[in-house]
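Open the model in your viewer and keep the sequence beside it. The stops below say what to select and what is there.

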Amino acid sequence: MIQTDVIIIGAGPVGLFAVFEAGLLKLKCHLIDSLPQPGGQCSEIYPKKPIYDIPGFPSVLAGELVNNLLEQAAPFKPGFTLGEAAQDIEQQADGSFIVTTVKGTKHHAPVVMIAGGLGVFEPRKPPIETLHLFEEKGVDYMIKDPEVYRDKRCVIAGGGDSALDWSIFLAERNIASKVTLVHRSSSFRGHLDSVQKVIDLADAGRIELITEAEVTGLNGGSRLEQVVIRHSANGEIVTEADHFIPLFGLKPSLGPIANWGLEIEKGAIKVDTLDYSTNIPGIYAIGDVNTYEGKLKLILCGFHEGTIALQSAFARIHPEKKNVLKYTTVNGIQGF
Ligand SMILES: Cc1cc2nc3c(=O)[nH]c(=O)nc-3n(C[C@H](O)[C@H](O)[C@H](O)COP(=O)(O)OP(=O)(O)OC[C@H]3O[C@@H](n4cnc5c(N)ncnc54)[C@H](O)[C@@H]3O)c2cc1C
């Protein structure tokens, strides 16, 4: 049984920063994540993308942000159970909780902080018969390391920000030898400036833009060799390709947490914005996993939510102690 003060479910950016804020309050944390590495969406979906809205960082790569958060949390020696989804929760007679993972690892703490983000997420896959044959052999549902696509012919499908941004990234930096963007409509859901950039790159001959079209087939042997595109007016186009990257977003699913008796609204956990507590006293929800009026799914909002929630958690764990807010500039960092 792993014993700690706060069990944090989800080692995304919000869970990692919560370790630091807990540490300032002398609360020890243990993180559980179903992924094999910490960082949540930042590590899993877009580690090499720059983020521009982290206060104090005009630009920081998502992977770099995760490394910085790990470094910031390190003095407080968090424990990690990685590669195991939290499956069950059991409240004890004294109000504390035991959280058990799919592999049976048990964790015990007076407080549980759910920072589960999008939950256990799955990419949306296009209905192409041979798709599964080329998974890991040319078909990728997310771009983790753009260098994989250096000097390769890439067909990206989708009309949202991911499809637009990665097409721009791979073409503008001359990473891929050819970038084809396929979208079923002629209007895009992404940011207007990204749409304009794609159009400009298409005009300059650096992106092959095929709209009103869908990828309907994949051909190849041991690896992907061709992508079949059906255009609404021109019929079938067969293009040579090393990679097909359908970027149709992720299917958000709370996973096992949905069965824990928490109040759920539209796939997210309802919280009281006073302290980001859930309907079960002792369980808090912070970051992308929660919902309330005016919620913004942004990293900086999750950082704030975790900070406030931990003040409340401290009062729950130590009802006899009064916590006085101390600046880090005054007190410094006293690790464990
Ligand atoms: C392409 C892209 C670009 C983005 N750009 C920005 C941006 O510029 N600025 C910004 O602020 N935000 C951006 N975001 C959003 C940002 O990534 C999220 O707001 C942020 O990751 C939320 O952090 P989190 O820690 O709450 O959740 P997540 O990062 O989703 O991490 C949650 C973790 O919980 C784990 N988990 C879930 N359920 C369980 C379970 N039952 N057991 C164990 N582990 C579990 C998951 O595996 C995951 O690792 C972007 C998102 C994407 C996809």
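Predicted model: local features only at pLDDT ≥ 70, side-chain atom pairs only at ≥ 80, totals over all residues.

Setting aside residues within four places in sequence, methionine 113 is in contact with Val6, Ile8, Ala18, Tyr284, Ile286 and Ala309. Now widen the selection to the nonpolar core of 52 residues, the largest one. Met113 is among the residues with the most contacts inside this core, together with Val6, Ile8, Ala18, Val112 and Ile114. Another core lies apart from it and has 33 residues, including Val139, Cys154, Val179 and Phe244.

**The two domains**

Colour the protein chain by domain. Domain 1 takes in 2–122 and 251–331, while domain 2 covers 125–248. How far apart are the C-alpha centres of domain 1 and domain 2? The separation between these centres is 35 Å.

**Around the ligand**

Next, select the ligand and the residues that surround it. There are 38 of them, and the closest are Gly10, Gly12, Gly40, Gly117 and Gly287. Colour the shell by residue type and it divides into 21 nonpolar, 13 polar and 4 charged residues.

Strand E9 (residues 106–109) runs parallel to E1, and 2 bridges join them. To see how they line up, select glutamine 3, which stands opposite histidine 108 in E9.

Move on to strand E20 (264–265). What is the order of the strands in this open sheet? The 3 strands follow the order E20-E21-E23, and the pairing is mixed. Strand E20 and strand E23 (290–291) are the edge strands, each with a single partner, so each has one side left without a neighbour in the sheet. E20 and strand E21 (residues 268–270) run antiparallel and are joined by 2 bridges. Isoleucine 264 faces isoleucine 269 of E21 across this pairing.

**Two residues with positive phi**

Stay in this region and select lysine 266, in the loop between E20 and E21. Its phi is near 45°, a positive value in a residue other than glycine. Is lysine 266 buried or exposed? Lysine 266 is exposed: 7 other C-beta atoms lie within 10 Å.

Then select tyrosine 276, in the loop between E21 and strand E22 (283–285). Tyrosine 276 also has a positive phi, near 60°, and is a residue other than glycine. Tyrosine 276 is buried, with 26 other C-beta atoms within 10 Å. A residue counts as buried when that number is 20 or more, and as exposed when it is 12 or fewer.

**Methionine 142**

Select methionine 142, which belongs to the loop between strand E11 (122–123) and strand E12 (153–157). Methionine 142 has 17 C-beta neighbours inside 10 Å and counts as partly exposed. Leaving out neighbours within four places in sequence, its contacts are Ile45 and Pro123.

**Strands joined by hairpins**

For the last stop, select strand E15 (residues 213–220) and strand E16 (residues 224–231). E15 and E16 pair in the antiparallel sense over 7 bridges, and a hairpin joins them through 3 residues. Alanine 213 has histidine 231 in E16 as its bridge partner.

Follow the chain from E16 through another hairpin, also of 3 residues, to E17. E16 and E17 run antiparallel with 6 bridges between them, and valine 228 stands opposite valine 238 in E17. How many of the 6 residues of strand E17 (residues 235–240) are buried? The number is 0, so E17 lies largely in the open.

Note on methods. Residues numbered from 1 in each chain as written. Core = buried A, V, L, I, M, F, W, Y, C linked by C-beta atoms within 7 Å. Contact = placed C-beta atoms within 7 Å. Near = placed C-beta within 6 Å. Nonpolar A, V, L, I, M, F, W, Y, C, P; charged D, E, K, R; others polar. Pairing = 2+ DSSP bridges. Helix = DSSP H or I, 4+ residues; strand = E, 2+ residues; numbered from the N terminus. Domains from an automatic or database assignment.
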